[in-house]
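Welcome! Here is a short tour for anyone meeting this structure for the first time. Keep the view open as you read.

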Amino acid sequence: MDLEISGRVAVVTGASAGIGLAVAQEFLANNVAVVIAARDVSRLRAAETALLEQRGAKVASIAVDVSAPDAAELIVDKAIATFGSLDILVNNAGRAHAGGLMSSTEEDWTEMTAVKLTSMRRLCKAAIPHMQKNRWGRIVNMSSIGGIYPNPKLFVSHVLSAAINNLTKSLALEVAKDGILVNAIGIGAVATDNWANNMIPTVRRSRPELAGLSDDEVLSHISAELTPVGRAGSAREIAAIAAFLGSGRNGFVTGDTIEASGGADRFM
Ligand SMILES: NC(=O)c1ccc[n+]([C@@H]2O[C@H](COP(=O)([O-])OP(=O)(O)OC[C@H]3O[C@@H](n4cnc5c(N)ncnc54)[C@H](OP(=O)(O)O)[C@@H]3O)[C@@H](O)[C@H]2O)c1
């Protein structure tokens, strides 16, 4: 399917790995210039180098922590300075925080809120004037299935996901008149480093029966429990949805959170 975004410019945060990197690949395959952002410089440069191997790829990178107060301006300025406009914003940077209310600290809450929610608000605010100028824009916010189907073992992440869904709806209503569509993806269990780094250590502590399994086997086990399709999703499967929502082929979906969870969103 031609996504009708050839020649457009996208920013994808958290695009040095996992879902963000897969989203950048989808855009490049559709002749979109992409600015990728993440913190770790060597991983970011490696991702940029790999992306530039795609034929005709236009890629720029910026090493930045999205939770920094000036990050949104820096990222948007990079897109404008390098490619001259900004049409598509994918707010993807972040991670999960495993644990309930009682085990989470003040610092966990403050840090996760800054990375997932405050950065999203600032990036939308910085990007929208450029989209308004062209009377065209697409914003895709990475949320989680916990926004509508909370798991108390992921308290902080899932409270923030509900806020992201609400931000998405409210902003979509505000900017619909400007030709800007804003959507979120309610991601379920997707196999990326996020699991190994942020969730599997906590799962192991509470599930001693999984001790003999590798990280991949623990993820398979948990995914089979959580997910009706019986497996974790792939970054590529999420990227395909993000690419559609961020494209010209999407003209009529806005304010929605598309649940991509292998059937784990059990509510109607
Ligand atoms: N995988 C899942 O099952 C799942 C489920 C629900 C929601 N999600 C959400 O989907 C998004 C992508 O997750 P993923 O699974 O692809 O994770 P991942 O493989 O761990 O990749 C995360 C990316 O975000 C970057 N990042 C993290 N914190 C950042 C910060 N403060 N500033 C800038 N960049 C930052 C990382 O690079 P650096 O570390 O170098 O900065 C990396 O590029 C996240 O927001 C996550 O919460 C994932």
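## Serine 143 and its surroundings

Serine 143 is in contact with Ser161, Ile164, Asn165, Ala184, Ile185, Gly186 and Ile187, once its neighbours within four places in sequence are left aside. Contact here means heavy atoms within 4.5 Å. Serine 143 belongs to strand S5. Helices (H or I, at least four residues) and strands (E, at least two) are DSSP runs, numbered from the N terminus. Serine 143 counts as buried because its relative accessibility is 4%; buried means under 20% relative accessible area, exposed over 50%, and partly exposed in between (1.4 Å probe, protein chains only).

A word on what you are looking at: this is a predicted model, in which local features need pLDDT of at least 70 and side-chain atom pairs count only at pLDDT 80 or more, while totals for chains, interfaces and linings use all residues. Residues are numbered from 1 along each chain as its sequence is written, and side-chain values use heavy atoms, with hydrogens and water left out.

## Threonine 257

Some of those names come back at threonine 257, which sits in strand S7 (residues 257-260). Leaving aside neighbours within four places in sequence, threonine 257 is in contact with Asn165, Ala184, Ile185 and Gly186. The side chains of threonine 257 and asparagine 165 are also joined by a polar contact of 3.4 Å. A polar contact is a pair of N or O atoms within 3.5 Å; within protein, one must be able to donate a hydrogen and the other to accept it, and residues adjacent in sequence count only if both atoms are side-chain atoms.

Is threonine 257 buried or exposed? Its relative accessible area is 18%, so threonine 257 is buried.

## Around the ligand

How many residues surround the ligand? There are 29, and the closest are Ser16, Arg39, Asn92, Lys116 and Thr192. By type, the shell divides into 12 nonpolar, 10 polar and 7 charged residues.

Look next at the oxygen atoms of the ligand. A polar side-chain atom of serine 16 lies 2.7 Å from a ligand oxygen, and a polar side-chain atom of arginine 43 lies 3.3 Å from a ligand oxygen. Asparagine 194 takes part through its backbone, with an N or O atom 3.4 Å from an oxygen atom of the ligand. Taken alone the ligand exposes 880 Å², and the protein buries 93% of that; these areas come from the Shrake-Rupley method with a 1.4 Å probe, and for residues, only the protein chains shown count as cover. The elements giving two or more residues to the shell are helix H1 (18-29), helix H4 (106-134), strand S5 (137-144) and helix H6 (193-206). The largest share, 3 residues, comes from H6.

H1 has 12 residues and reaches 17 Å from its first C-alpha to its last, close to the 16 Å expected at 1.5 Å a residue. That expected span is 1.5 Å times one less than the number of residues. The buried residues of H1 are Ile19, Gly20, Ala22, Val23, Ala24, Phe27 and Leu28. Asparagine 31 follows H1 and has a positive phi, near 65°.

Alanine 37 lies in strand S2 (residues 33-38). With a relative accessible area of 1%, alanine 37 is buried. Not counting residues up to four places away in sequence, alanine 37 touches Val12, Thr13, Gly14, Ala15, Leu44, Ile62, Val64 and Ile75.

## Helix H4 and the loops

Histidine 130 is part of helix H4. In the loop between H4 and S5 you will find arginine 135. The phi of arginine 135 is near 50°, a positive value in a residue other than glycine, and at 49% relative accessibility arginine 135 counts as partly exposed.

Proline 152 is in the loop between S5 and helix H5 (155-175). Why does proline 152 count as exposed? Because its relative accessibility is 63%. Apart from neighbours within four places in sequence, proline 152 is in contact with Gly99 and Gly100.

How values were computed
Near = heavy atom within 4 Å. Nonpolar A, V, L, I, M, F, W, Y, C, P; charged D, E, K, R; others polar.
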